[in-house]
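Here is a quick tour of a protein model for someone new to reading structures. Take a look at the picture first, then work through the points below.

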Amino acid sequence: GQLDDIRDPTSRIAARELVQLLMELHGTGLERMMEVVFEAGEPGERIINNLGRDELVSSLLILHGLHPDDHATRVVKSVDRVRPSLRKAGAEVELLSVESGAVRVKIETTSHSCGSTTSSLRTMVEEAVYGGAPDTTSLVVEGLEEKSASGFVALESLLGGGLLAPASATSSPLS
């Protein structure tokens, strides 16, 4: 963002090129390091997998497209890691889909969950997914819609959810 604030277009372009060249150098160097380690055979593969589990190194590998696990695998592992914490909070999580960086999960809670609990559940899932797969482009958490303590459900939510058809869409014996 600070590069965009540089008023002189020549300096701005030069600064961007310098950053891009440094990124390419680091990426190429990391790629070569991974190749050297991989060439060590089975011990090298274990090292690469360990590097993929290290929080800092994992982020660098993702940044340069070198992580040993693909995006979907990292999301699955992240959801699996947060599952026990969610269970302790009275919730279950289900991974619905992972497509092109977009992730959809569903959380089911007990009927005793309150708004602050659902907020913390959402945060737990978001931190887990983005922590393990920071290249996630979107995350949709379903199932944490506000529930009424009285059990009352607004007609609009039933209509919007497709549970009831609008009156104009039903046939009436009087018409």
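What follows is a short briefing, grouped by topic.

This is a predicted model, where local features need pLDDT of at least 70, side-chain atom pairs count only at pLDDT 80 or more, and totals for chains, interfaces and linings use all residues. Residues are numbered from 1 along each chain as its sequence is written, and side-chain values use heavy atoms, with hydrogens and water left out.

**Overall layout**

- The protein has six helices and three strands; helices (H or I, at least four residues) and strands (E, at least two) are DSSP runs, numbered from the N terminus.
- Out of 175 residues, 24% count as buried (buried is under 20% relative accessible area, exposed is over 50%, and partly exposed is in between, with a 1.4 Å probe and protein chains only).
- Take the contacts (heavy atoms within 4.5 Å) with a separation of 6 or more: residues 24 or more positions apart account for 48% of them.

- Setting aside residues up to four places away in sequence, Ile 107 touches several others, among them Leu 121, Val 125 and Val 141.

**The largest pocket**

- The largest pocket holds about 300 Å³ of space. On a 1 Å grid over the protein atoms alone, a pocket is an open set of points where a 1.4 Å probe fits, with protein on both sides within 12 Å along at least five of seven lines; lining residues have an atom within 4 Å of a point.
- It is lined by 16 residues, and Gly 52, Arg 53, Arg 81, Gly 131 and Gly 132 are the closest to its centre.
- Helix 4 gives the largest share of the lining, four residues.
- The lining has one nonpolar, eight polar and seven charged residues; here Asp, Glu, Lys and Arg count as charged, Ala, Val, Leu, Ile, Met, Phe, Trp, Tyr, Cys and Pro as nonpolar, and the others, Gly among them, as polar.

**The loop between helix 5 and strand 3**

- Thr 136 sits in the loop between helix 5 (115–132) and strand 3 (138–142), and Asp 135 is in that loop too.
- Thr 136 is buried, because its relative accessible area is 8%, while Asp 135 is partly exposed at 32%.
- The Thr 136 side chain makes a polar contact with the His 71 side chain at 2.9 Å (a pair of N or O atoms within 3.5 Å; within protein, one must be able to donate a hydrogen and the other to accept it, and residues adjacent in sequence count only if both atoms are side-chain atoms).
- That Thr 136 side chain also reaches the backbone oxygen of Ala 133 at 2.7 Å.
- Leaving aside neighbours within four places in sequence, Asp 135 is in contact with Ile 62, His 71 and Arg 74.

- Most residues other than glycine have a negative phi.
- Ser 100, in the loop between strand 1 and strand 2, has a positive phi near 50°.
- Ser 100 is exposed, with a relative accessible area of 78%.

Methods: Grid points are joined across faces, edges and corners, and a volume is the space filled by probe spheres set on the points.
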